[in-house]
Amino acid sequence: MIATQPDAGGHFGPYGGRYVPEVLMSPLEELQRTYDEAKQDPEFHKELDHLLRTYAGRPTPLYYAKRLSEQLGGAKIYIKREDLLHTGAHKINNCLGQALLALRMGKKRIIAETGAGQHGVATATVCALFGLDCTVYMGEEDMRRQSPNVFRMRLLGAKVVPVTSGSRTLKDAISEAMRDWVTNIEGTHYLLGSALGAHPYPAMVRDFHRVIGLEAREQILEAEGRLPDTIIACVGGGSNAIGIFHPFIADEGVGLVGVEAGGRSMELGQHAVRFAGGLPGVLQGTRSYLLQDEDGQIALTHSVSAGLDYASVGPEHALLHDIGRAEYCSCDDTHAIEAAVTLSHTEGIIPALESAHAVAETIRRAPLHPGKIFIVNLSGRGDKDINIYRENLPELDRL
Amino acid sequence: MIAYLTAGDPSPAATPGLVAALERGGADLIELGVPFSDPIADGPVIQLAGDRAIKAGTTLKRVLEMAAEIRKTSQIPLLLFTYLNPALRYGFERLAADAIVAGIDGCLLTDVSVEEAGDYVSVMRAAGLDTVFLAAPTSTEERLALVAKYSSGFVYLVSRTGITGEQTSLSSSAMPLVDRMRKHTALPLAMGFGISTPAHVAELKGKVDAVVVGSAVVRQIERDPAGTEAFMSSLTQPLKGEWHG
């Protein structure tokens, strides 16, 4: 079993590909050419590594969560601290990489979508860093629930455009960003924030996040002298998960667990559990598992976490699911919030709501696996979610 | 003259009558837009029409029923115009068979690139349906050759980079695309995206084989469905040589 790679057309088995209106084919081909050249160029890697170390704060620690592990009385839990990166989440890895590509293409205007706002903040940050014009599309509903990040983006000089179509969340923000791109392909780069969309995005975004898994591998070998038994990560589009999974795919002894958003219930429209609740289909440029109704219309989704609230999932995850190399489960809103409280109390780490889904699955599994080693990818920190935690934990305000 | 309308807007029952009005107004081919929840290539006019149509109960199956209804009284060519996912969910084989029975002549799926078109084209062609593809000003010569190869019936030229929607003047990228595409195909060439006034139509007269008016028709139906025939007539005037705008 080797690490999965897409074919020349960007297919991961039956998934992925490039399903876009003809107008977008030329900028996608340009991006692919530029990325292929950059991959071969040592100068590109040198510059990106330098930025990741000196600006973003890599490597991030792999932290042994002793109190949490002892309290659960099972597996030894390590936490990959992507939450400690500049801008508060793993998203900056990909943004730095794509910004360098935009500079290579001579594109001075960046557009992006954002759900939770973490990708939007990371995009606004790199645009400020490189002096690029920045427009971020964000669903109106997400702007409401992630208002601190909206302000952060504006403070960084970005224009945040509310999206009022559809469910007013991440999916609609992506559609709006694609419409902008179709209209302004000359001079504009679409800095897509997850391992989603048309080729080359899924493979390219994954490559920019592989650093998470590469570091974790080295760090766990140093700490434990062996590979972990299980790696757990939350999966919205799936960029943090594929980033930490990918360098371990060839290691069959390492279990890979993706956690989707269970939302309020398993009724269609109340969750974002694409594998158990969806079927393969095509949305926004790629073929993957998709929450849809019987007429092929895309279903509405719900999660307390805006970053997991999406009807489709990255195509490489779809392949990993089908071949059984990764396992996908879900965690509902309530358990995610409980897990965030537990991690805050035992380790002094407030996770992002997205990452709290992975923490919840870790907490559920750890007692069942004494002697095993787990790594949970803490993809982001919880500062942006303070208002939502507050709404859900009113008792803390009454103390 | 090709007219696009979003099938099922404002209601499935209204569509056959609106198609008849467009035909009386001079439309030679109708694109029946099947609404999709996430239309990435469409501007706000068609997006909102799609939302209304979906709310009114429009599905691909329902659009095929509308086509059969239209066929009872008209032989105007009908092209299904939609996105891939509704067709995938319906199933290509089943769609091809049901479309033929309903009297559909061809199909255009906006987000199917020529690279991903193999299965779709072979199933549709085997059933006797035309497959129309888009060519854009940004398409390379290689891609135009593929568009020519996979298209039948006609080739749909996108007049400019952008989403569907009306605009005041035609893009300067429109004419070079016509010349480039001609070198790759003998199929009729239709041009659309942004064509909304008799002046646009007059400008394209004699340069392409057909023009497509979409958002402007959809907007007319939204504002004043009873005026659809007159509106269509005003757009076809320049083609009849009676227009002096």
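This is a predicted model: local features need pLDDT of at least 70, side-chain atom pairs count only at pLDDT 80 or more; totals for chains, interfaces and linings use all residues.
**View 1. The interface between chain B and chain A.** In this interface, 33 residues of chain B are in contact with 36 residues of chain A. The two chains bury about 2,800 Å² between them, and 52% of that area lies on carbon and sulfur atoms. B:Ile40, B:Arg89 and B:Glu116 supply 25% of the area that chain B buries against chain A, more than any other three residues.

View 2. In a salt bridge between B:Asp38 and A:Lys171, the side chains meet at 2.6 Å, N to O. On the side of chain B that touches chain A, the elements that give two or more residues are helix H2 (44–55), helix H4 (84–90) and strand S6 (134–135) of chain B. The largest share, five residues, comes from H4(B). By residue class, this side of chain B divides into 14 nonpolar, 11 polar and eight charged residues.

**View 3. Helix H1 of chain B and its packing.** Helix H1 spans residues 15–24 of chain B, and its buried residues are B:Thr15, B:Pro16, B:Leu18, B:Val19, B:Ala21 and B:Leu22. After H1(B) comes B:Gly26, which has a positive phi, near 115°.

**View 4. Helix H12 of chain A.** Helix H12 comprises residues 315–322 of chain A and is mostly covered, with six of its eight residues buried. The buried residues are A:Pro315, A:Glu316, A:His317, A:Ala318, A:Leu319 and A:Leu320. A:Gly324 follows H12(A), and the phi of A:Gly324 is positive, near 75°.

View 5. In soluble globular proteins, nonpolar side chains tend to be buried together. The largest nonpolar core here has 120 residues, of which A:Tyr190, A:Tyr201, A:Phe245 and B:Tyr156 touch the most other members. Helix H9 (residues 201–224) of chain A gives the largest share of this core, nine residues. Apart from this core lies another, of 68 residues, among them B:Tyr90, B:Tyr120, B:Phe133 and B:Met191.

**View 6. The surroundings of A:Phe245.** Not counting residues up to four places away in sequence, A:Phe245 touches A:Ile231, A:Ala233, A:Leu256, A:Val257, A:Gly258, A:His317, A:Leu320, A:Ala326 and A:Tyr328. Two of these neighbours, A:His317 and A:Leu320, are among the buried residues of H12(A).

Key: Residues are numbered from 1 along each chain as its sequence is written. Chains are lettered from A and ligands numbered from 1 in the order in which they are written. Side-chain values use heavy atoms; hydrogens and water are left out. Buried means under 20% relative accessible area, exposed over 50%, partly exposed in between (1.4 Å probe, protein chains only). Helices (H or I, at least four residues) and strands (E, at least two) are DSSP runs, numbered from the N terminus. Contact means heavy atoms within 4.5 Å. Buried area is the accessible area (1.4 Å probe) that two parts lose on being put together, summed over both. A salt bridge is a side-chain nitrogen of Lys or Arg within 4 Å of a carboxyl oxygen of Asp or Glu. Ala, Val, Leu, Ile, Met, Phe, Trp, Tyr, Cys and Pro count as nonpolar, Asp, Glu, Lys and Arg as charged, and the others, Gly among them, as polar. A nonpolar core is a set of buried Ala, Val, Leu, Ile, Met, Phe, Trp, Tyr and Cys residues joined through side-chain atoms within 4.5 Å.
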